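Good morning, and thank you for coming.

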Amino acid sequence: MVQISRRTVLLAGAACAAAGLAPRVGHAQASTRPSLPIPPELRADAAGTIKLDARTGTMRFLDGRETATYGINGPYLGPALRLRRGETVNVQVTNNVPENITIHWHGLIIPGSADGGPHQVIAPGKWWQTKLSIDQPAATLWFHPHYYPSTAREVIMGLAGLLIVEDEEAGRLPLPSRWGIDDIPLIIQDRRFTPDGQFFERMNVMAVANGYVGDVALVNGASYPEARTARGWIRLRILNGSNARSYRLGASDNRSLYAIASDGGLLASPVELKELLIHPGERFEVMVDARNGGAFDLVTLPVAEPVMRLPPFDGPLPLVTFRPDGAEGGGQLPSSLAVLPSLPQQLPPVSRELVMNMFRDMQGMMMLEHAGLPAMVKSGKTDPAVVARVVDLIVNGPALPEAEQLSTNGVNGKPFSLGRIDFSAARNQDLRWRISEGTDMMLHPVHIHGCQFRIISSDGKPPTPERAGWKDVAPISSGGVSEILVRFPHVATADDPYMAHCHILEHEDSGMMAQFTVS
């Protein structure tokens with residue numbers, strides 16, 4: 001088992017105690033807080049078909065106000081699709097929302113024709129059918145729209161859901177596996193609401209520079225819910241489903257989180273953490289020891305990006321309460337999990353450079369500096385006047401004309417174009433790619449379609465243990481560089497190419513995406 005050393009200044013327990021949060025947990029009395037919604041599981045029917053219906057709906061997130069939403073087979077978010085290695089299923093997606101969508105299977109290793117990228121458009125009232133042949137290890141994946149240039153807005157509205165791959169190897173491990181009892185899905189998102197209770201979204205300079213900045217945390221579509229679980233080891237399947245916000249997660253009582261899986265499946269062995277940093281699009285499975293039956297909160301701590309430290313994210317913020325007061329669970333934490341192939345001693349030469357570009361980030365940075373945000377963050381004290389000025393930029397900054405929006409960011413010096421193939425990659429070959437951001441200092445969690453890869457190095461150092469397994473998102477920041485070892489088993493043609501893009505969705509929707517073929 002790998003253990004990460006503690007950084008006592010940022011420990012969740014100490015931070016929560018300092019903020020007076022500790023009394024909020026540990027009491028099992030009834031409350032009026034919402035129960036954690038658990039997405040229903042959905043498997044293929046007897047004919048091997050899964051039917052998904054993107055539809056409109058309404059939800060009451062805050063103060064009883066009704067919010068217009070999108071959802072899949074329901075009013076908001078979607079079911080958890082259960083697929084098994086070795087099976088082939090037909091998926092039929094019907095679009096009953098009033099705009100074009102696609103559905104991308106994020107993390108599935110499938111041909112470009114089935115990937116659900118921006119070329120596979122489903123018009124309102126139409127449907128799309130594709131075949132998914134599953135041949136990869138057990139993992140927690142997800143699905144969401146990929147229509148260009150409105151992926152960000154459609155995810156804000158609620159089009160997203162989990163996709164869980166199972167296999168025999170993982171099934172033999174004594175991991176908690178009772179859905180919603182000791183195997184708990186957590187889709188973490190941030191949202192901002194208009195005065196009439198609708199989702200706020202606007203593609204202005206703040207959005208294309210920083211991404212979406214919400215002021216309400218939702219977990220599975222609920223604000224600060226509580227979950228009654230089994231007593232014992234609890235397995236948390238965590239998806240950062242936010243458009244742009246990263247989370248630094250910890251337990252309110254400072255108990256350890258044991259990372260057992262990353263984007264593409266199980267790690268070699270558990271990694272003990274006091275904090276888990278998870279970026280947009282990433283998934284981690286963690287286990288928590290709740291054998292003592294004591295309640296605790298999953299808390300997020302402030303992250304590095306200044307604009308993401310606006311209230312209520314300027315201090316420890318509880319996201320969900322766990323009350324492990326049910327019957328004793330039978331799950332255990334194994335000492336070893338999966339056999340991961342070793343990285344080759346002789347790595348191939350770098351065959352592809354991907355540089356994330358921001359063409360107007362200085363404008364956004366200067367606006368935030370003029371508002372006083374960097375100075376406020378440096379002081380360590382939240383200034384309501386500064387917060388008000390920054391929120392005004394976020395909310396009232398004029399929306400960009402679409403042509404201007406689409407030329408704001410890019411990859412390798414060019415904004416994205418649906419009509420241009422940017423490069424090609426060889427099929428069934430180990431490839432070494434270098435992902436960087438030049439002089440840009442912002443966070444970019446870079447996602448690549450059609451594969452699960454291994455991170456070779458991050459800023460010249462080996463990846464942290466929880467990111468040393470299979471990944472489909474490689475985060476870079478502060479002028480950073482990530483090198484990956486990647487292989488594409490399937491074909492992607494010029495008609496149905498794969499994408500490589502920043503998973504800050506406002507960056508993607510403003511040009512920070514490239515498309516490529518595999519042959």
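I begin with a definition: a residue is buried under 20% relative accessible area, exposed over 50%, and partly exposed in between, with a 1.4 Å probe and protein chains only. The model is a predicted one, in which local features need pLDDT of at least 70, side-chain atom pairs count only at pLDDT 80 or more, and totals for chains, interfaces and linings use all residues. Residues are numbered from 1 along each chain as its sequence is written, and side-chain values use heavy atoms, with hydrogens and water left out.

Asp183 counts as buried because its relative accessibility is 1%. Its partner in a salt bridge (a side-chain nitrogen of Lys or Arg within 4 Å of a carboxyl oxygen of Asp or Glu) is Arg237, with the closest N and O atoms 2.9 Å apart. Arg237 is buried too, at a relative accessible area of 4%.

How many salt bridges does the structure hold? The number is 32. Among them, Arg283 and Asp472 meet at 2.7 Å, N to O; both residues are buried. These two also belong to a network of salt bridges with Asp263, Glu282, Glu466, Arg467 and Lys471.

Asp430 and Arg487 form another salt bridge, at 3.0 Å from N to O. Here Asp430 is partly exposed, with a relative accessible area of 39%, and Arg487 is likewise partly exposed, at 36%.

Finally, Arg255 is buried at 13% relative accessibility. Its side chain reaches two backbone oxygens: that of Asp289 at 2.8 Å and that of Gly294 at 3.3 Å.

Notes. A polar contact is a pair of N or O atoms within 3.5 Å; within protein, one must be able to donate a hydrogen and the other to accept it, and residues adjacent in sequence count only if both atoms are side-chain atoms.
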